[in-house]
Amino acid sequence: MAELFPEAFLSELTPKEGEVVANPARQEEPVLEFEEGLRKSFEAMRECLPKDGRLTVMFTHRELRAWDTLVRALRDAGFRVNAAWPVHTEAQWSLYQRDKAAARYTLILACDPWEGDGEV
């Protein structure tokens, strides 16, 4: 990857200004900015994807609203989720997870470009 995008690997730190996150410390409307950023990201991916291509998304979150936001952003960007697989990603006995309301699963979504003609 470094050969294709050398500028992406120049710094040891991740640039924060382009991140798609809901961060009340840095944003006036964190949830709205997150939703808009997510949709724009998926739109950019759709533009790069071949017509018969498939987008695969891995997502983990413990709040239902985040899942709703994800699916809405995918739909608004022109994708249709056609398959989903849950993957158990956190060990129950992990010290990191102990006494926390952390998500135990990651969901892998297979999404196809959708033109909007017919059912989602």
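Which helices each supply at least two residues of the lining of the largest pocket? In this predicted model, they are α1 and α2. The views below take up the pocket, the core and the first helix.

**View 1. Lining of the largest pocket.** The largest pocket holds about 200 Å³ of space. Its lining consists of V21, A22, V31, F34, H61, E63, R65, A66 and T69. With 3 residues, α2 gives the largest share of this lining. Sorted by class, the lining has 5 nonpolar, 2 polar and 2 charged residues.

**View 2. The largest nonpolar core.** This core has 15 residues. F42, L55, V57, L70, L74, F79 and C111 have the most contacts inside the core. At least two core residues come from each of α1 (30-48), β1 (55-59), α2 (64-76) and β3 (105-113). The largest share, 5 residues, is that of α2. In soluble globular proteins, nonpolar side chains tend to be buried together.

**View 3. Surroundings of L74.** Leaving aside residues up to four places away in sequence, L74 touches F42, L55, V57, F79, V81, L109 and C111. L74 is also among the residues with the most contacts inside the largest nonpolar core.

**View 4. Helix α1 and its packing.** The 19 residues of α1 reach 27 Å from the first C-alpha to the last, close to the 27 Å expected at 1.5 Å a residue. Buried in this helix are P30, F34, E35, G37, L38, R39 and F42. The buried residues of α1 pack against β1, α2 and β2 (79-88). Of these buried residues, F34 also lines the largest pocket, and F42 is in contact with L74.

Notes
Residues are numbered from 1 along each chain as its sequence is written. This is a predicted model: local features need pLDDT of at least 70, side-chain atom pairs count only at pLDDT 80 or more; totals for chains, interfaces and linings use all residues. Side-chain values use heavy atoms; hydrogens and water are left out. A nonpolar core is a set of buried Ala, Val, Leu, Ile, Met, Phe, Trp, Tyr and Cys residues joined through side-chain atoms within 4.5 Å. Buried means under 20% relative accessible area, exposed over 50%, partly exposed in between (1.4 Å probe, protein chains only). Helices (H or I, at least four residues) and strands (E, at least two) are DSSP runs, numbered from the N terminus. Contact means heavy atoms within 4.5 Å. The expected span of a helix is 1.5 Å times one less than its number of residues. On a 1 Å grid over the protein atoms alone, a cavity is a set of points where a 1.4 Å probe fits but cannot get out, and a pocket is an open set with protein on both sides within 12 Å along at least five of seven lines; lining residues have an atom within 4 Å of a point. Grid points are joined across faces, edges and corners, and a volume is the space filled by probe spheres set on the points. Ala, Val, Leu, Ile, Met, Phe, Trp, Tyr, Cys and Pro count as nonpolar, Asp, Glu, Lys and Arg as charged, and the others, Gly among them, as polar.
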